[in-house]
Amino acid sequence: MMRIFNTRTGVKEFFIPQDPFEVKVYVCGPTVYDLCHVGHARTYVNFDVLKRYLTSLGYNVIHVQNFTDIDEKIDHRAKKEGLSPREVAERFIMEYFFDMDSLNVTRATRYTKASEYVPKIIKITERLLELGYAYRSGDAIYFDVEGAGGFGELVRDLKSAIVDEVRASGKRGPFDFVLWRITGEGFESPFGRGVPGWHTECVAMSMDNLGEVLDIHWGGKDLIYPHHECEALIAKALTGKRFVKYWVHNEFVLLKGQKMSKSSGERAYIRDVLKRYSAEVLRTWILSSNYREKIEFSEESLRKAQLLYEKISRAATKARGNEGMGQCAKDYAELFMSALDDDLETGQALSVVEELSDRVLEGKIEGAWRIFSLVESVLGIKIRPH
Ligand code: AMP
Ligand code: ZN
């Protein structure tokens with residue numbers, strides 16, 4: 001049985017979905033105002049492997065993912081380029097698909113856009129007002145964090161997480177966050193024309209498509225606080241239930257020691273990297289580490305991944321066609337699967353494949369093709385004839 005690290009409890013837990021045959025997952029998608037960089041590649045490739053693995057275990061994975069297409073950064077880019085925010089968002093949604101398709105990331109069961117969920121977001125905001133978990137102050141509707149029981153679902157060391165929170169005027173509590181901001185522009189609502197808060201968007205989109213309780217909620221580590229913590233509190237206030245069984249977060253790709261980020265300027269776009277390395281090499285590079293380890297983006301580590309990929313594809317080419325599995329190959333297959341069972345240790349799984357490849361190339365083992373076909377189907381690394 002698979003074990004997965006749950007951010008909520010801080011330990012690896014056996015994975016038991018609500019339904020024995022089906023897994024309901026919500027993945028936070030990108031804010032669409034720029035091209036995807038290698039950090040995004042990591043987040044979506046890591047999740048893709050979890051999804052492929054769960055599928056290989058026999059689960060029907062229902063994967064819902066959003067595009068955050070309401071954001072000041074989109075408006076800003078639109079103004080700069082003389083386009084409408086919608087045109088900017090649509091362009092970068094297409095670019096997202098272009099990049100992720102080239103990385104062999106399987107498509108979600110359903111993609112949603114925040115802009116299409118505004119009526120549902122308004123309903124949620126109205127309901128929270130009715131229940132007394134939200135209030136109006138000045139030009140905004142806020143969520144009353146203390147009134148709803150306070151944070152604590154994911155953030156244990158609240159002090160360090162909230163150190164830079166300021167008590168903004170008009171808020172009842174320092175951590176209260178905006179559910180709806182009245183700006184005079186944007187979307188019509190009973191509270192006044194304005195824009196929704198980011199956290200409510202994901203609650204609306206996930207609950208509408210997957211129900212009140214999700215099995216897995218995935219995202220990069222930066223989403224733990226405030227985004228996911230706030231989502232959890234909103235959902236609990238609405239339903240009285242714990243929103244998510246397994247909160248799973250991947251670590252960052254770093255560039256010169258800093259989180260690669262589209263706003264800071266330190267980034268490597270996926271399509272630029274793919275001019276120098278194949279998509280298989282980039283995937284191998286991402287999967288050479290566990291999803292919970294930081295990885296530094298560097299030429300040296302990419303070249304290492306390239307050597308590994310070449311070795312694997314040479315061995316796979318030699319093994320292709322031989323469908324039988326001897327005991328030795330079976331042992332490797334078991335090691336491969338048990339690495340993934342242990343919190344998706346893709347780095348470990350690739351080490352197993354590397355060792356196997358060495359033995360295949362030395363002619364010491366035969367009938368290993370089925371393991372290489374797992375590399376293709378579960379790790380999503382296509383084997384090119386070598
Ligand atoms: P954003 O478009 O910034 O909202 O990011 C979309 C997803 O990519 C989120 O789950 C982020 O956590 C993730 N992400 C952004 N930057 C990085 C990075 N440098 N490393 C890993 N994941 C990232
Ligand atoms: Zn989200």
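1. Tyr44, Phe47, Asp48, His63, Gln65, Tyr96, Val105, Thr106 and Tyr111 line the largest cavity of this predicted model. The volume of that cavity is about 40 Å³. The count of cavities of 30 Å³ or more comes to 1. In general, rolling a probe the size of a water molecule over the atoms shows where empty space is left.

2. Where does the lining of the largest cavity come from? Helix 1 (38–56) and strand 4 (60–67) each give at least two residues. Helix 1 has the largest share, with 3 residues.

3. Asparagine 104 deserves a check of its backbone. Its phi is near 65 degrees, a positive value in a residue other than glycine. Asparagine 104 sits in the loop between helix 3 (85–102) and strand 5 (110–113). Most residues other than glycine have a negative phi, and most peptide bonds are trans.

4. Leucine 344 also has a positive phi, near 55 degrees, and is a residue other than glycine. The loop that holds leucine 344 runs between helix 11 (327–341) and helix 12 (346–361). Is leucine 344 buried or exposed? Leucine 344 is buried, because its relative accessible area is 2%, under the 20% cut-off.

5. Leucine 344 leads on to asparagine 290. Leaving aside neighbours within four places in sequence, asparagine 290 is in contact with Arg42, Asp343, Leu344, Glu345 and Thr346. Asparagine 290 belongs to the loop between helix 9 (279–287) and strand 14 (295–296). With a relative accessible area of 4%, asparagine 290 is buried. A polar atom of its side chain lies 3.1 Å from the backbone oxygen of aspartate 343. Asparagine 290 and leucine 350 are 60 residues apart in sequence, yet their C-alpha atoms are 10 Å apart in space.

6. The peptide bond between tyrosine 225 and proline 226 is cis, with omega about 5 degrees. Proline 226 falls within helix 7 (residues 224–239).

7. Lysine 311 is part of helix 10 (residues 299–319). Why does lysine 311 count as buried? Its relative accessibility is 17%, and buried means under 20%. Beyond neighbours within four places in sequence, lysine 311 is in contact with Glu354, Ser357, Asp358 and Leu361.

8. Serine 137 is in strand 6 (residues 134–137). At 18% relative accessibility, serine 137 counts as buried; the cut-off is 20%. What does the side chain of serine 137 reach? It reaches the backbone oxygen of glycine 170, at 2.6 Å. Setting aside neighbours within four places in sequence, the contacts of serine 137 are Tyr142, Gly170 and Lys171.

9. Strand 7 pairs with strand 8 (residues 177–187) in the antiparallel sense, over 4 bridges. Within this pairing, isoleucine 141 has tryptophan 180 of strand 8 as its bridge partner.

10. Strand 8 also runs antiparallel to strand 9 (residues 194–196), and 4 bridges join them. Here arginine 181 is bridged to valine 195 in strand 9. Strand 8 and strand 9 form a hairpin with 6 residues between them. In the turn, glycine 192 has a positive phi of about 125 degrees.

11. Strand 1 (residues 3–6) and strand 2 (residues 11–14) form another hairpin, with 4 residues between the strands. The two run antiparallel and are joined by 4 bridges. Asparagine 6 has valine 11 of strand 2 as its bridge partner. Glycine 10 in this hairpin takes a positive phi near 75 degrees.

12. Strand 12 (residues 253–255) and strand 13 are antiparallel over 2 bridges. Leucine 255 has glutamine 258 of strand 13 as its bridge partner.

Technical notes: Residues are numbered from 1 along each chain as its sequence is written. Chains are lettered from A and ligands numbered from 1 in the order in which they are written. This is a predicted model: local features need pLDDT of at least 70, side-chain atom pairs count only at pLDDT 80 or more; totals for chains, interfaces and linings use all residues. Side-chain values use heavy atoms; hydrogens and water are left out. Buried means under 20% relative accessible area, exposed over 50%, partly exposed in between (1.4 Å probe, protein chains only). A polar contact is a pair of N or O atoms within 3.5 Å; within protein, one must be able to donate a hydrogen and the other to accept it, and residues adjacent in sequence count only if both atoms are side-chain atoms. Contact means heavy atoms within 4.5 Å. Two strands pair if DSSP finds at least two bridges between them. On a 1 Å grid over the protein atoms alone, a cavity is a set of points where a 1.4 Å probe fits but cannot get out, and a pocket is an open set with protein on both sides within 12 Å along at least five of seven lines; lining residues have an atom within 4 Å of a point. Grid points are joined across faces, edges and corners, and a volume is the space filled by probe spheres set on the points.
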